[in-house]
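Please examine the following protein structure.

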Amino acid sequence: MGYLELKNLTVEFSGFRAVNEVNMTIEKGELRTLIGPNGAGKTTIIDMITGKTKPTYGSILLDDKNIAGKDAYEISDKFKVGRKFQGPNIFDYMTVEENVEVALSGYSSLLKTFTYRRKKNIQEKIDEILEQINLKDEKEILPNYLSHGQRQWLEIGMVLAQNPEIITLDEPTAGMTADETYKTGELILNVMKDKTLIVVEHDIDFVKQISEKITVLSQGEILAEGSYDDITSNPEVVRVYLKTD
Ligand SMILES: Nc1ncnc2c1ncn2[C@@H]1O[C@H](COP(=O)(O)OP(=O)(O)OP(=O)(O)O)[C@@H](O)[C@H]1O
């Protein structure tokens with residue numbers, strides 16, 4: 001039995017099956033990468049794990065408890081599944097440091113950030129996260145002054161601050177330079193090594209850098225599963241996804 005098990009996971013949108021009877025087992029502490037062509041169902045699987053989309057049928061067992069169909073708040077709060085969205089979640093009128101602080105103390109305590117002096121242990125935790133995401137020198141500036149890549153790292157820091165057990169990252173390197181992409185890979189490998197990670201990506205060099213086990217999806221179904229070498233030497237995967245002509 002795995003830590004996170006998808007069993008016959010299926011969702012239909014107005015009769016169209018975006019995800020069709022997907023079975024997947026992810027172990028605790030594993031880093032699983034999902035790849036595949038546009039529209040393969042990768043984001044929709046993340047949406048179901050995180051509660052944004054309710055499956056039509058099938059189950060999502062987390063430590064043997066079925067979380068399929070539960071709402072997003074409960075999945076994040078009680079089951080400790082964190083998500084970095086494709087869109088931005090940063091508060092632009094607060095400094096880098098304050099953004100991490102809000103994520104740390106919970107969004108309901110937004111006000112306290114400005115009305116109380118920071119407790120020492122909170123400051124230590126903020127500094128630890130800023131160090132992990134390479135933004136220590138930028139802590140007092142507003143996020144607008146960060147590069148695109150740095151903003152993505154801040155978002156990763158905000159997910160880390162919530163201390164989830166499982167982290168889902170949907171195209172974490174989208175729009176990044178090659179250097180930022182590589183640094184993001186290092187960050188994921190170093191900082192998140194104790195977490196269970198599900199990463200959706202298109203950048204194949206990045207996939208090579210971070211991947212342990214890869215699941216290839218196509219048209220809502222699993223096409224192949226294996227190491228980077230297994231996947232890149234699989235003729236069907238090459239035909240459906242990797243071939244560039
Ligand atoms: N809420 C929705 N309503 C209707 N169709 C949807 C909805 N969400 C996703 N789809 C469809 O489901 C299919 C799978 O989409 P999904 O975003 O999961 O693909 P993906 O593999 O993540 O693709 P990409 O790599 O382009 O992000 C697509 O055909 C998409 O149009």
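This is a predicted model: local features need pLDDT of at least 70, side-chain atom pairs count only at pLDDT 80 or more; totals for chains, interfaces and linings use all residues.

Residues are numbered from 1 along each chain as its sequence is written.

The protein contains ten helices and ten strands; helices (H or I, at least four residues) and strands (E, at least two) are DSSP runs, numbered from the N terminus. Its radius of gyration is 19 Å, close to the 18 Å that the globule rule gives for 245 residues, so the protein is as compact as a globular protein of that length. Here the radius is taken over C-alpha atoms, and the rule is 2.2 Å times the number of residues to the power 0.38. The C-alpha trace spans about 55 × 40 × 35 Å along its principal axes.

Of the 245 residues, 39% count as buried, that is, with 20 or more other C-beta atoms within 10 Å of their own, the C-beta atoms being placed from the backbone.

Helix α5 (residues 120-132) and helix α6 (residues 148-161) have axes that come within 9 Å and cross at roughly 140°; axes are lines fitted to C-alpha atoms, for helices over the stretch in contact, and angles run from 0 to 180 degrees between N-to-C directions. Contact between them involves I129, L130 and Q132 of α5 together with G157, L160 and A161 of α6, where contact requires C-beta atoms, placed from the backbone, to lie within 7 Å.

Terms used: A residue is buried if 20 or more other C-beta atoms lie within 10 Å of its own, exposed if 12 or fewer, and partly exposed in between; C-beta atoms are placed from the backbone. Two residues are in contact if their C-beta atoms, placed from the backbone, lie within 7 Å.
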